[in-house]
Amino acid sequence: MATLQTLKTFINHRLAVAVEEISGLLETTISNYEEEISRQRKLLEDERSEFLINKADMQQAMRFRVIIDHDIKKITFQNGLPSSVEDFITVLKQAFSITTEIGLQYKDADFDDFFTLTSTRDLKDKDTLKVVHVPSGIIITTAPQERKPETSDVSSVDDMLSVDSQDALLLSPPATDRQNLWPAVFPIPTFSYNTEMALRQGNEKFLKDGIPLTTPRDKSDILERLAEAMFSYTAYPNDHQRTAVAQALIEKHPCLREPGSYNGCYGWQQSLKYKCANYRSKLKAHGNPELLINSLKHKQEGDRKPNKNLKKPRKSEVNYLPPHPAGETDDSLENLRLGLIAARKTKDNGPMINDMMWRTYSFRRREVVCQALQVSDLKERWPVLFDPVQINEEFRRCTTIPLESTFISQLDSYTPKFLKLFNSKGGAAGLRVRNVLIDLIKDPHASVVKKRDVTLRCLIEYLGETVQELVSDYFRTDEDKVHQDLQTQSMRIYVCQQPDAVGIIINGTPVLTGLDSMSRACCLLLGLTYALNLDYPPKLAKTFEVFQRLFVGLDMMQPKPTSKYISLKNKLLT
């Protein structure tokens, strides 16, 4: 009995302990649940408050500064922003009569630079937007949207926004082979199945044992595919570009790294050099005009040497001398050229002229590059080319980059740093720069256009060159008299005051008149050097180097940048 009583007491004690433990756990669980419910309720209230705030903000009128090529316009959204970037672009295209595919960039306040717009939530009132034209065949994607666009978002453009001015943009899909600049990181193509299998096994062995493929059996296939991929960007890759390709190759396939090489890929660089030459020989046999022009039988009598007077891209041109569009001949394109001259006499036919200029681009480049016609002859044969709109489009055909929008936006973004550099410049050059800056000091409320003009004048002096070599200033002088005075100049911008006039002279021929500012004239002059295949003036080489490399981003590192440009860029980036 005593044993049974002891067992009963033990069981009761253990049950009591178990009940207490269960009760404690239950209380803890209930407490945790109550805390979690309270936390979730607080988060829900915060999200609801944020949603209401955002909704109120979205319903407020929002104003934006929109850069379209060289034009700067204003747009106001009266009833909030569209919910998606696609709807936002649709509204802008309707408002500004844009008929081609575009992307949008917004100016970030933290970095003071333009970034691709992926969500309308990134936008704030009075932000600056830049329209980026998308060539045919290139698809721009944005961040995935959580819902499909509502019809109410873009149902009425007039109710949503107000626009200061609307100008139609004249763009056509490119008719040339290349549509991309040389990439920052070269994409290694996919090789044949056998080669890919061998490289995969080689990479696994290299990562495991550190043993490279010293004599890859598929080297010929690798070089052939690389040469083909490089030709899709340029026919004449330089040393810097071949090095970039070789380094990208060994980074993707480390088993191809060369032991004993100072950079692990020097042998691949040399092999690519000869493979690209062989690949050009094959394409030359098929009549590629960019390669045929440098064959001996197509050279003049005194230039029939392999490396003499080579005609190839020297300023990062993408479509330097493309072939004719499919089905077109010299005769058919000549007839189209004659149609262009007649079409320019008709009003409101901009899109048709633009399309005809695209189709005749290859024919025009043969006259510019192969025949090297005089500027006066080109102006007579292609009068439409000497219109600011078509200079912009010709630059885009040649380089794939929009000219004025890129040039002006980069100039504006660097202007504050330029002015700081100019003020700190010492010596005789600093004195000349400050003499030009007096115009801004006297006029603290100067317009944006005037700031651009003064900045470019100071930049020329800062680089150690002379403004008078590029710009001739006149006061109370008739424009015809200015043209006569500059007949002996090879390349000159003139700026007249009272009456106001800005224009460009090339080889004594007035090619552009009626411009509104010196900064725009500098931009269009850069475009004309590409459109007419002109060399930069020797006495202004540093200035045009900044125009090309810094303002429009055409920098292939070949030829190497001058020390003056490197110093300037380093100071701007610090």
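**Buried helices and salt bridges in the predicted model**

At 6% relative accessibility, Glu-461 counts as buried, the cut-off for that class being under 20% relative accessible area. The model in which this value was computed is a predicted one. Glu-461 is found in helix H16, and a polar atom of its side chain lies 3.3 Å from the backbone nitrogen of Val-467. When residues up to four places away in sequence are not counted, Glu-461 touches Ala-429, Arg-432 and Val-433, together with Thr-466, Val-467 and Gln-468.

Helix H16 (448–462) is also one of the elements against which the buried residues of H19 pack, the others being helix H14 (403–424), strand S8 (491–497), H18 and helix H20 (563–573). Nine of the eleven residues of helix H19 (residues 541–551) are buried, so this helix is largely enclosed by the rest of the structure; among them are Phe-544, Glu-545, Phe-547 and Arg-549. H19 is followed by Gly-553, for which phi is positive, near 75 degrees. In H18, 14 of the 14 residues are buried, so that helix is likewise largely enclosed by the rest of the structure. At 1.5 Å a residue, the 14 residues of helix H18 (residues 518–531) should span 20 Å, and the distance of 19 Å between the end C-alpha atoms agrees with this expectation. Asn-533, which follows H18, has a positive phi near 55 degrees.

The structure holds 22 salt bridges. In one of these, Glu-290 is paired with Arg-178, the closest N and O atoms being 3.1 Å apart. Because Glu-290 lies in helix H8 (residues 289–292) and Arg-178 in the loop between strand S6 (161–163) and helix H4 (193–209), the pair ties together parts that are 112 residues apart in sequence. Both Glu-290 and Arg-178 are buried.

A salt bridge also joins the side chains of Lys-282 and Glu-224, at 3.4 Å from N to O. Lys-282 belongs to helix H7 (residues 266–285) and Glu-224 to helix H5 (residues 219–231), so this pair ties together parts that are 58 residues apart in sequence. Lys-282 is partly exposed, with a relative accessible area of 46%, and Glu-224, at 23% relative accessibility, also counts as partly exposed.

The side chains of Arg-381 and Glu-367 meet at 2.4 Å, N to O, in a further salt bridge, which ties together parts 14 residues apart in sequence, since Arg-381 lies in helix H12 (residues 375–381) and Glu-367 in helix H11 (residues 361–370). Arg-381 counts as partly exposed at 23% relative accessibility, whereas Glu-367 is buried, with a relative accessible area of 4%. Arg-381 and Glu-367 are linked with Glu-334 and Arg-337 in a network of salt bridges.

Key. Residues are numbered from 1 along each chain as its sequence is written. This is a predicted model: local features need pLDDT of at least 70, side-chain atom pairs count only at pLDDT 80 or more; totals for chains, interfaces and linings use all residues. Side-chain values use heavy atoms; hydrogens and water are left out. Helices (H or I, at least four residues) and strands (E, at least two) are DSSP runs, numbered from the N terminus. The expected span of a helix is 1.5 Å times one less than its number of residues. Buried means under 20% relative accessible area, exposed over 50%, partly exposed in between (1.4 Å probe, protein chains only). Contact means heavy atoms within 4.5 Å. A polar contact is a pair of N or O atoms within 3.5 Å; within protein, one must be able to donate a hydrogen and the other to accept it, and residues adjacent in sequence count only if both atoms are side-chain atoms. A salt bridge is a side-chain nitrogen of Lys or Arg within 4 Å of a carboxyl oxygen of Asp or Glu.
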